[in-house]
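Have the sequence and the 3D view open as you read.

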Amino acid sequence: MKKPVSRILIINDEKLILKEFIKGLNAAAKSIENPLGLIFSGVTTAQEALQSIEQDGDIQAVVVDDTLYTLKNHDQKARNLQMTALELVQKISHFRPELNIYILIAQEKEDEVVDALFSETVDGYFYREERDYRGMYRILNAQLQEKTRTPFYDQLKNYVFMAKDAWHTPGHSSGDSLRDSPWVGDFYEFIGENIFRADLSVSVPTLDSLMEPTGVIAEAQKVAAHAFGARQTYFATNGTSTANKVIFQTLLAPGDKLILDRNCHKSIHHGVVLSGAHPVYLNSSVNKKFNIYGPVSKKTLYQAIEEHSDAQALILTSCTYDGLRYDLPPIIQAAHSEGIKVIIDEAWYGFARFHPDFRPTALEAGADYATQSTHKVLSAFSQSSMIHVNDPDFNEHLFRENFNMHTSTSPQYSMIASLDVARKQIMLEGYKLLSRTLELAKELRIQINATGVFQVLELPDLLPDEIKHDNIQLDPTKVTVDISRCSFTIEELIQELFERFNIQVEKSTFNTLTLLLTIGTTRSKVSRLYDALMRIARENRSPRRLYQTTEIPVFTELEYLPRDAFYCNGELVPLLNEEEIINSSLIGRICADQITPYPPGIPVLVPGQIISQEIIQYLISMLRSQKRIEIHGIVYDGYLPCLRLLTATEERNLVKLN
Ligand SMILES: Cc1ncc(COP(=O)(O)O)c(C=O)c1O
């Protein structure tokens with residue numbers, strides 16, 4: 001493993017003193033153990049300091065001298081002041097909140113300095129005249145060590161090295177059941193010894209319990225909360241799909257209103273059924289040219305908040321799969337002014353806190369809850385997610401009950417460890433890695449456009465008219481490419497990239513391809529992708545037209561609560577009759593399931609919703625499409641595609657919503 005470098009920046013305009021400090025601190029670092037590679041360097045102005053913090057991702061802490069940046073600007077004439085210590089501290093912690101900040105007090109009135117910085121995130125103070133370099137080094141080093149700790153992972157590793165005999169689950173018993181097997185020993189070898197050794201269970205009390213954490217899991221969650229700016233953080237081992245459901249069941253009693261985007265992830269629709277909530281669906285904006293469904297317009301959102309001020313919660317996805325990010329602060333403020341709790345599904349945005357280009361995060365914008373698929377965009381194993389809570393009225397007991405209801409009593413410990421490690425990484429090198437990812441995203445965009453055939457869709461291309469003035473931002477690490485000028489259909493292109501060039505992409509629509517850059521994207525991968533696209537482009541095949549798809553039909557009335565409709569037995573009714581003609585008897589009936597064609601992945605029907613002719617026609621056109629489309633929720637009776645509908649008796653027994 002490479003040795004880390006931890007640069008500590010000293011900011012002081014008195015060159016001699018600065019030199020003395022750097023010399024003294026570096027000498028201390030050399031003579032005392034220095035596993036984190038602390039190196040001290042200095043600058044004499046605030047501007048240089050901010051520049052260094054922006055350019056040098058290895059900076060882990062700053063030491064600000066308060067005489068230069070005096071808090072009250074007393075000596076303005078005598079000193080070349082640029083900003084006060086307070087302003088500088090605020091700027092640094094706004095730009096990179098993960099940095100440790102220390103103040104070097106030179107004034108006599110240290111109480112004044114401490115008071116003025118009281119509300120800021122200052123990690124410590126040193127009195128300049130003491131010149132206690134070794135003492136300073138020890139404190140800076142110890143606090144950085146604290147940040148590098150991964151409480152759960154450390155304990156897991158220690159436990160594995162203790163090599164205790166396992167008389168408990170899992171049945172593979174540290175891999176011993178597989179290791180010497182002539183039939184399945186290859187699996188042991190392929191997956192790796194430590195995966196099995198670290199696959200432990202609640203039978204090991206020193207590893208704490210995900211369901212009632214009081215030890216190393218509690219500690220790991222606490223450090224994560226601090227890193228992500230939350231009051232509380234919970235590790236979820238069933239993905240954000242479960243995280244969303246846990247929050248719903250905590251906040252929503254049956255019949256409580258929830259405002260949601262129709263284009264939200266299916267876990268949210270499932271959460272509506274499970275919680276028994278009364279959903280208020282909002283129409284997503286749609287980019288008709290590329291058939292991309294985007295954020296709900298601000299106008300629609302404000303209207304819904306006003307009309308449904310009795311709603312308990314609002315949930316939005318930010319950023320979306322395509323990287324579109326809401327202007328959250330005013331929306332959250334509007335919801336809060338009506339007492340509506342705000343949940344933001346940040347499944348695709350778990351890294352955002354660690355680079356200013358991506359902020360504000362949902363929590364920074366005032367959200368009560370944020371769910372993040374740490375595994376989608378950071379270094380955690382699949383299914384490892386985090387739930388961050390900032391709700392001032394948080395009911396911890398209720399949340400815990402719901403969390404436990406959805407959590408396996410045998411969680412995968414490597415996943416918990418990976419959340420711990422992902423947090424450590426993004427805190428210590430996130431800024432550096434994200435800066436590189438942004439750079440690669442920029443280069444990739446230029447290269448793709450240089451093919452002359454493939455074109456990256458930028459914010460103005462992606463935004464439909466209705467949200468053009470909503471201050472929506474684009475996360476540049478999601479790259480959506482218009483492929484309509486290459487001769488391939490999307491399926492052919494995906495296959496070509498996969499089979500000929502060994503490239504697997506993230507997702508597609510009929511005319512676009514979405515590439516996901518993460519902190520794991522390398523320059524080599526970018527070059528290989530560019531090479532592949534350039535080769536395909538140079539083959540000079542004749543372009544095809546933009547593939548036109550039908551827009552999803554408007555949302556019809558919701559007649560019953562989705563949960564009530566879903567739990568009916570219902571009856572299966574075919575979409576087409578035997579002559580392959582639309583079955584018009586479906587019109588006006590109530591669907592018991594959620595029907596979602598993928599792509600675009602937006603439900604055209606949810607349980608409890610009235611079926612219209614337009615909806616049936618849409619479903620049939622999807623079934624007859626040349627492109628293979630999955631339609632989740634359709635049931636086949638032999639070859640006949642059917643919908644599960646409420647029977648007349650079931651309808652009579654249910655309470656109507658309106
Ligand atoms: C917006 C959104 N929310 C939630 C999820 C579910 O996340 P997970 O895969 O972590 O369960 C996804 C998954 O694709 C998603 O796109």
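How many cavities of 30 Å³ or more does a search of the whole structure find? The search finds two. Please keep in mind that this is a predicted model. The table sets the two cavities side by side.

| Cavity | Volume | Lining by class |
|---|---|---|
| Largest cavity | about 50 Å³ | five nonpolar, four polar and two charged residues |
| Second largest cavity | about 30 Å³ | four nonpolar, four polar and one charged residues |

**Around the cavities**

For the second largest cavity, the lining residues are Ala166, His168, Thr169, Pro170, Ser173, Ser174, Phe196, Asp199 and Leu200.

Five of them form an open sheet with parallel pairing, in the order 2-1-3-4-5. At its edges sit strand 2 (38-43) and strand 5 (124-127), each of which pairs on one side only. On average, and ignoring direction, neighbouring strands in this sheet are turned by 25 degrees against each other.

Inside that order, strand 3 (residues 59-65) runs parallel to strand 4 (residues 100-105), and five bridges join the two. To look at one pairing in detail, go to Val62, whose bridge partner in strand 4 is Ile101.

Helix 2 (residues 46-55) lies across strand 1 (6-11), strand 2 and strand 3. Relative to strand 1, helix 2 runs at about 170 degrees.

**A pair of helices**

Two packed helices are described by the angle between their axes and the distance between the axes. For helix 11 (residues 239-251) and helix 12 (residues 266-275), the angle is about 35 degrees and the axes are 9 Å apart. Their crossing is right-handed.

Which residues of helix 11 and helix 12 meet? From helix 11 come Thr240, Ser241, Asn244, Lys245, Phe248 and Gln249. Facing them in helix 12 are Ser267, Ile268, His270, Gly271, Val272, Leu274 and Ser275. Sorted by class, this contact has four nonpolar, eight polar and one charged residues.

Technical notes. Residues numbered from 1 in each chain as written. Predicted model: local features only at pLDDT ≥ 70, side-chain atom pairs only at ≥ 80, totals over all residues. Heavy atoms only, no water. 1 Å grid on protein atoms, 1.4 Å probe; cavity = no way out; pocket = protein on both sides within 12 Å on 5 of 7 lines; lining within 4 Å. Points joined across faces, edges and corners; volume = space filled by probe spheres on them. Nonpolar A, V, L, I, M, F, W, Y, C, P; charged D, E, K, R; others polar. Pairing = 2+ DSSP bridges. Helix = DSSP H or I, 4+ residues; strand = E, 2+ residues; numbered from the N terminus. Axes fitted to C-alpha atoms, helices over the stretch in contact; angles between N-to-C directions. Contact = heavy atoms within 4.5 Å. Left-handed = near helix turned anticlockwise from the far one by under 90°.
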